[in-house]
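User: I've got a two-chain model open and would like to go through it piece by piece. Can you take my questions one at a time?

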Amino acid sequence: MSWLPIALVAVPLLGALAAFVPAVRDSAVAWGIAVSAAVLVLAVALAAVFDYARPAEMQLQTDQPWIPGLGLRFHLGVDGVSLPLVVLTALLTFLCFVHLAGHPPEGGRTGGLVVTLLVLEVGMLGTFLALDLLLFFVFFEVVLVPMYFVIALWGGAGRRQAAVKFILYTLLGSAVLLIGLLVVWTQAGTLDMVALAGRHGSGIARSAQILAFLAIGLGLAVKTPMWPLHTWLPDAHTEAPTVGSVLLAGVLLKMGSYGFARIAIPVLPEGAAALAPWLGAFAVAGIAYGSLACLAQRDLKRMIAYSSVGHMGFVLLGFASLTPVGLNGALFANVAHGLITGLLFFLAGAVKERYGTADMVRLGGGMLRRLPYVGSLLTFACVASLGLPGLAGFWGEMLALLGAYRPAAALSRPLFLVFMAVGGLGTVLTAAYFLLMLSRVTHGRAVETVSPAGPPEPAASLEPAAPLEPLPLEPALPLEPAASLEPVPLEPVRPGATGAAGAAVGAAVGVGTREGAEPGRGRRPFRDATAHELAAWLPLVALIVLFGLWPKALLAVTTPAVQSLLGSGVAP
Amino acid sequence: MTGGGVIQSIDYAAVAAPLVLALVAGLVLLLDAFLPARPGGARLLGLVTLGGLMAALSVVAVQAASGGTRRTFCVPASLGGASAPGQAATGQAATGRAVAASCSFVADRFSLVIAAVVLAAGVIVVLLSMTEIATSRDAGPDDRGRIPAGEWYFLLLATLTGAVLLPASRDLIMLVVSLELVSLPVFALTALRRHDCRAAEAALKLFLVSVVSTAITLFGVSLLYGVTGSVHLDRIDAALRTSDGMTGGTAGATAGDMARVTVVAIVLVAAGFAFKIAAVPFHFWAGDVYQGAPVPVAALLSVVSKASGFAGLILLLTYALPGKAAVWAPGVAVVAALTMTAGNVLAMRQRAAVRLLAWSSVAQSGYILAPLAVYAVAPRAAVGASVAYLVFYAAMNLIAFSVVLLVARLPEGQDLEAYRGLALRSPAAGLSLAFALVCLAGLPPGLAGLFAKIVVFRAVVDGGLGWLALVMAANTVAGLYYYISWTARLFAPPAAGESRTVSARAAAGVAVAVTVAVTVVFSVAPQVVLSVSG
């Protein structure tokens, strides 16, 4: 029995309840930062007391009966698979609150947003800590309503539909997931994930395993999301506010892929073996589809959303290989995607806030000159996301492809070689769309919009429709940034002016560039990264570099756990 | 307990709860007639009613705490049922159940649980009624639209007497009589607000539907009696089992005919109860009646009437006809699937709050019905899951109706648009309703609803009805659509100029607080429900 996992769930829950107290509500963001910082400290403490000598075992368990009538036990614990995700969740939530401090939500009602995000954190952490099938399901469901409200109340113009689509899709997924979990329960007679994983499927008939894997896999695939069940994702990401997009991409998608690693594959090995070729096929279809869809996107946030479909495709491909290497790669890619895409969405939000649009054509080029910090960080994040060796994005995808190169003995090798080839093609396409995006947005001349008289941009001319599209919008354009920037001071912000989040970071701030604003055209200067933003972004940058240069930091924790999940039957 | 001879001895302790209610009903009528007409009179009557319900509730609690099963109105084995065709041939020793005396009134765990739910719901309905009656008095200077308090509370208590009697009934006549006692006062209650066309229409509709369903039930009952020669549920079961046993042997056309008549009887009786619980295809009345009736009566219909309808159906199917589960279980599965689907589809398009709740409660009936479809595989779990869902549903639904009553008192408060921004204008009412709606949708933080759904899903999956589980999964999503859009409306910015708050009238405010507290307890410790229902 350990109090740490309980505290990880209880602290944000109590924090959310306390936020209803009027005195707390007045300084809601500060309260949110305090609570999420406390959770982060707890998560780091969890990582500190974790015994790295035996990461394959469940540690710091707590196991109490909750609802005997349902056989539901309050069983929490952590092992090498869940530990990185717990820390990632605590970190991203904390960073979101830091971001929130500098960017009060557009819809107002900051107190409500703080409560919602804290409840969201309860569900996310609980999902990664739960060791009881139904408890996992309960936490899996906890995130739905808060995320719905994050999108529906604080989202963009199309928020209502995006939010409804999000919750209906994901609930359909979880209902099917529940059926699958109950099939496992009826067959095996227990809800204890540790016991179920230890049995490696013995006691569950093959046909029932296939059925249960199908139901559980479908449920998780909606969340992950797997092509073709991904259609809720682009809308949700595009309409969600920055913090919503970050948590959605950074953590919520991981809940789906974590379910594969924790439940579907270890508990139902025969079902997994039977359906892995399908999983792999849909995974590579997702990789190819995501990359191609990205090439066609004009909206920055939408493009990042589609890139998530591709990246999660690699994660699923890693799982489908059913080898320790592939699973390791999937888990690594999971964490890396959380860090990188979290950063990307932070940056996309920053861009959208400054320009008033995330439309790549209307953004024009030259961001590196006008917003050097934002522009270079965006470049960094994109390069990390496309899988440059030396950064975190590389290892996961490489290991996933390696897993597909030598899949488990039960699987057809030629088929997986084809998958690997398609996946490899996907990496090339991924590089293509990110570089294309960078060439359009960060490079080139600092022209805010394409002017009718101006020469067509070299980058934009790659897409035939691009130079023509913005023409009808031209008259409104000079007003757009100013109108959308209402809360932002028109003058460049001086260092330290905003500064609650660290003086060291503040020193780097305020390099607001006026170069971008061409004199005589009435343009407002843009404000470069603020202290709050840098405080939220730089930890992610550091971790991306750390895991890129030293992947063993993560792999050492996950490898033994993965081997135990797959059981001794499958040789590495 | 059981008299040796023909004269029955009555165990008054067993029938204490319905007795208390009936006596208080008479007392209310007397008080109304003889008390001077003062402004506080209606309130006093409400409090007396409340006191009566509390007394009955404590009787039920004491009976539950003392454990055991109390029986009364028993017929010894030597009397009655001797003419049953099967029984005469094989002798009474053929089945152990026929040897013991058959009782018409049995206060066992099932009946006590249903009685407790009905009485607790009755307390909430009385609290809502106090607000409704006070409002109707404020409304106009003359008698128009005014609700007569004495009659109202008398009728309410009469309904509740029937509802407490019904789950304890163990013979067909008692079952039908108590079902009528539940139904008849409700017509009058619906129409009691005079000069209200909608209410009159609703009352007439309810009356016609109910009369037809009673007629159908009676026809089915008479057939069942004809086939088995008994009205006691346990004897019907025994007679059907022995006649089933005989079909193999002596065979003959008569046995086959009897089996067919039995099927017709089952269908007819079940159809009668299906009207009461508004199951497809007998669900059409729900929308109009709920909307036309005063909100407390709608709450009564959706919880008390429905609970008694389900209690009657469960008694009939599982006490009298368990041997015929192979006949009725597939039908129940299909009806459950159709009911939840039709309810959800109809609820999606509604613009009036009560009407939406009406169809949503039809959909919820489908979930309550679903576990009964696996009765043949796992009898205990099936009934337990149905009852558990009923208890959870009663608590969640009553929150919604309590808040709806508060909002409906605003001008144009019937429309869903009146709820825009309610959580900002009146946080307590808005958050309570939001909680109720996510509970009904079955999503956290409404854990009560989530666990209720899990219980039902578990029973259905365990019973091997995969297709029904998939239909339920799809329906959960369909239900979420309208629940969540209503919830979102509560938090949306209010329309310009809209700053009306709901004044938490003491009684209805208490009702909201009590139901929310109960549902929160059910959310955190659902074992409370599961241990009594299982």
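User: Which residues of chain A does UniProt give to the feature "domain: NADH:quinone oxidoreductase/Mrp antiporter transmembrane"?
Analyst: This one comes from the record, an unreviewed UniProt entry; such positions are given in the numbering used here, feature names are shortened, and annotations may be inferred rather than shown by experiment. The model itself is predicted, so local features need pLDDT of at least 70, side-chain atom pairs count only at pLDDT 80 or more, and totals for chains, interfaces and linings use all residues. Residues are numbered from 1 along each chain as its sequence is written, while chains are lettered from A and ligands numbered from 1 in the order in which they are written.

User: Where is A:Phe314, and how many other C-beta atoms lie within 10 Å?
Analyst: A:Phe314 is in helix H14 of chain A. It touches A:Ile287, A:Ala333, A:Gly396, A:Glu397, A:Ala400 and A:Gly423, leaving out residues up to four places away in sequence; a contact needs C-beta atoms, placed from the backbone, within 7 Å. A:Phe314 counts as buried (20 or more other C-beta atoms within 10 Å of its own; 12 or fewer is exposed, and in between is partly exposed). The number for A:Phe314 is 33.

User: What does H11(A) pack against with its buried residues?
Analyst: Helix H11 covers residues 232-239 of chain A, and eight of its eight residues are buried. Among them are A:Trp232, A:Asp235, A:His237 and A:Glu239. Their packing partners in chain A are H7, H8, helix H12 (242-267) and helix H14 (300-321).

User: Which peptide bond is cis, with omega near -10°?
Analyst: Look at the loop between helix H10 (206-223) and H11 of chain A, where A:Pro225 lies. The bond in question is the one from A:Thr224 to A:Pro225.

User: Which residues does a cis peptide bond with omega of about 5° join?
Analyst: Go to the loop between H10 and H11 of chain B. B:Pro281 is found there. The bond joins B:Val280 and B:Pro281.

User: Which helix gives the most to the side of chain A that touches chain B?
Analyst: Across that interface, 25 residues of chain A are in contact with 26 residues of chain B. Helix H6 (133-142), helix H7 (144-154) and helix H8 (159-188) of chain A each supply at least two residues of the chain A side. That side divides into 22 nonpolar, two polar and one charged, where nonpolar is Ala, Val, Leu, Ile, Met, Phe, Trp, Tyr, Cys and Pro, charged is Asp, Glu, Lys and Arg, and the others, Gly among them, are polar. The top contributor, with 11 residues, is H8(A).

User: How many residues of domain 2 of chain B are in contact with domain 1 of chain B?
Analyst: The domain assignment of chain B gives domain 1 (1-320) and domain 2 (324-534), with bounds from an automatic or database domain assignment. Taken over C-alpha atoms, their centres are 24 Å apart. Domain 1 brings 38 residues to the contact, and the number from domain 2 is 44.

User: Which residue is the bridge partner of B:Cys74?
Analyst: Strand E1 (residues 70-75) of chain B pairs with E2(B) in the antiparallel sense over five bridges; pairing takes at least two DSSP bridges between two strands. Strand E2 (residues 102-107) of chain B has six of its six residues buried. The partner, in E2(B), is B:Cys103.

How values were computed:
Contact = placed C-beta atoms within 7 Å. Helix = DSSP H or I, 4+ residues; strand = E, 2+ residues; numbered from the N terminus.
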